[in-house]
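Open the model in your viewer and keep the selection panel at hand. The stops below go strand by strand, then to a pocket and a helix.

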Amino acid sequence: MLDSYFNLPINDPVLIFAIVMVIILLAPALIRRLKIPGIVGIILAGTLVGPSVLGLLERDDTIILLGTVGLLYLMFMAGLSIDLNKFEKNKNKSIIFGLISFLIPFGASIPVGLHLLDFSLSSSILLGAIVGSHTLLAYPIANRIGITKNTSVTMAMGGTIVTDVLSLTLLAIVANTLADSSGTVFWVTFAILVIVYTTVVLLGLPRLGNWYFRNVKNQANSEYVFLIALLFITAYLAEQVGLAAIIGAFLAGLTLNRLVPESSTLMSRVQFVGDAYFIPFFLISVGMLVDVSVMIESWEVWIQTALFSGLVIFGKGLAAKITQWIFRYTSDEGWTVAGLTIPQAAATLAVTLVGFEIGLFTQTSVNAVVLMILITCMIGPSLVERYGRKVAINDAKQPYDPSDAPERILVPLANPATAEALMDIAMIIKRENSEEPLFPLTVARDSDNVAEQVAESEKMLSHAVVHAAAAEVPVLPVTRVDMNIANGVLRATKELRISTLVIGWNGQISAKQKIFGSILDQLLDNTKQMVLVSKIDHPINTTERVVLMIPPYLDREPGFLGAIDTIKNLVNQIGADLLVVRTKNNQNITRQVIEKREPELEAEFLLLESWSGLLRDERLAFKEEDLLLLLSTRKGTVSWEPNLERMPRIIAQNYPKMNFVTVYPSEQLNEELPTHRIRFERSTIVPHISSENVNFELDDMPAEEALNALMERQFRNNPMELKRITNELLDTDTDNLPGDLPGVILTKTRSAEVNSNILFMGISNKGIDFPGIDGKTYLLFVLISPKKSTTQRNLNILTNLARILGSRKTVKKLKAAKSMKEIDEVFQKAQLN
């Protein structure tokens, strides 16, 4: 024996700590060579150096203390790591699955414990609590193969909350039932104390955390100490009211969950200390509980191991398959869920240790549980590895729906003084159900002092992270280095698949031909995402009134509905009054959209006779407490006009102390319908134009006659409808026509006489004098849509057409076209470019 050569067990604290560190370093690496999770290796190493094998270490007060700390830390991390957003989104499925996944093995454990293992009822119930819980030990595998956003995987993650809460609640009830003072008065008192304790923890800790993160800044180490202090205080108070300390630790993790973003530096510190120090001590202490002599001398430990493992594998597997049938998941998804929920570790070990300490489990049962953990930790990950890959392959085959694209908000930061204001806007417009973090970005110019710039950028990003964390918003900071600042932002936008940009503006313009300045203009020219250009001079939460200005034809932009949703969410969050300013052409659609789309808001509407008189209208009565929101659009789109480029400069000059945001709607065509690009088939430009709807000879005639000549074939059986359409088109305000397309008119209307969208094209070599239009019109496009046709589909056609006609060269060639073949060739070449 070793103790004949050495003085065992070792008592030197330095050597004890050295041995533990070597175990933590080598055991996981060695056991992974056998395709077994590292957690099992640490447990086995604890058994090896423990009293029953080599006897190097004794499970003394120091090991017990550090093991208890590790257990509480493990439960705290379990609560902290659960994705509450995913649980909220799929909470009904998660609750149903969690109940099934807990009740099946729990229900089976009662007769097994009572009749096969000769357990008491309390021990059988505690056995049910052990096998009913599960640990997401295979989650890293699911994350690696990219299936964590799959609905079935999300459901399994949410079900962890249900199974762990039920398991730990049963532990508390059983433990207190054995107390000498149990009785009616005791249970009433116990219930009251638990309710008070839970209420204080659930309501008090988040508020305390919010206050701390808002008021204590730039002290990263103290943030970690703050979390650990709350962990152990909450665990201690749980013991005082009669609950297990692990329940308090788990609740502390749950309540502080939203304050510690998954990708944050603080979470990294929590995970590092836990994974490298506290949790391994707990696993080693568990391994020391195993008595190898009992395993060798008695078959009972192997019988219990088989029964425990059977309860878990059968119960969790059956629950996964039942849930697969209920929610119509695929067989591969069902087996993946089983693989995620079969492994036992965290709550299992916690309940087992408490049961052993209060005398409900023998040493044999503890050994059996440890062996069961070993078996389940090998089976679960193997199932996820095998069937998870099939789920990933199947998900990759699904057609991509642009409307399912995640909301990802990029916040380029350059000025520390405005960084928090921009983050505030991003946090306000972020959808409540969005699972994505905010992406604050800094771009350092590639030069000799790039290292200093990156260091300063990181300081600004750290402030942004803390600011967002205080508001329970996840953040993923991003840094780029580029010779050109705009290119750095554009690169991040593409790499991160950004949907919205929130960027600051100081109100200064570098040249008259610019809208905002060089960098911002480059971003607008090279992006299709929604962009909010923000000039913020005072806290946005002090806003009393939001003035939303909607120029003519903005309702025709593909991103109009998304922009309105974002604006309504902003107004709703800051609790300000809303004044909507619009023109005659969009007054009906604007009112319908704002009144019917969520969230519900009361708005006042102001009708302008002319858009050019916007800032001179005395009814607006602007004040410094107002927030001006200007819906604008990029050059070349359907609703663009030169006045929109001058408007930000004019507003900034006339109201320098007022908060002002220019909103550019998305042009990605992904809000209601998939993108419909112009296609060319035989003699058509798009599916809605044919040779009979093209007129090459609209010379020497007034506008009314030209419109009649263009559409008379289509409406030859209904001249009254033709007259109505012509009059409606002629009555359109000149102020409302799309912008900088000289000599070109794009217009549309609806008719009950057509069953599909029809596009007409007219060419006039000499030009048509259109009412209210300065100069001649040489190309005339008219889109006639059915009454029930969606606005989005019509806008897709007009938007694509406007982009093609943005080239003067293309317009010139179309003016000279004499046949459909020439027209087709011009449009095909323009589209390729």
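Buried means under 20% relative accessible area, exposed over 50%, and partly exposed in between, with a 1.4 Å probe and protein chains only. Helices (H or I, at least four residues) and strands (E, at least two) are DSSP runs, numbered from the N terminus. This is a predicted model: local features need pLDDT of at least 70, side-chain atom pairs count only at pLDDT 80 or more, and totals for chains, interfaces and linings use all residues. Residues are numbered from 1 along each chain as its sequence is written, and side-chain values use heavy atoms, with hydrogens and water left out.

**Stop 1: strand β7**

Select residues 577-583. This is strand β7, and 6 of its 7 residues are buried, so the strand is largely enclosed by the rest of the structure.

Strands β6 and β7 pair in the parallel sense over 5 bridges; two strands pair if DSSP finds at least two bridges between them. Look for R545, with D577 of β7 opposite.

T583 has L608 in β8 as its bridge partner.

**Stop 2: a four-strand sheet**

Show β11, β13, β14 and β12. In that order they form an open sheet of 4 strands with mixed pairing. The edge strands, β11 (694-695) and β12 (744-751), each pair on one side only.

Zoom in on β11 and β13 (residues 758-768). They pair in the parallel sense over 2 bridges. N695 stands opposite G762 in β13.

**Stop 3: the second largest pocket**

What volume does the second largest pocket have? About 800 Å³. A pocket is an open set of points on a 1 Å grid over the protein atoms alone, with protein on both sides within 12 Å along at least five of seven lines; lining residues have an atom within 4 Å of a point. Volume is the space filled by probe spheres set on the points, which are joined across faces, edges and corners.

Select P412, L413, A414, N415 and G504: of the 33 lining residues, these lie nearest the centre of the second largest pocket. Then colour β2 (438-445). It gives the largest share of the lining, 5 residues.

**Stop 4: L318**

Finish in helix α14 (residues 300-327), where L318 is found. L318 has 34% relative accessibility, so it counts as partly exposed. Draw a C-alpha to C-alpha distance from L318 to G334: they are 16 residues apart in sequence and 9.6 Å apart in space.

Conventions
1 Å grid on protein atoms, 1.4 Å probe; cavity = no way out; pocket = protein on both sides within 12 Å on 5 of 7 lines; lining within 4 Å.
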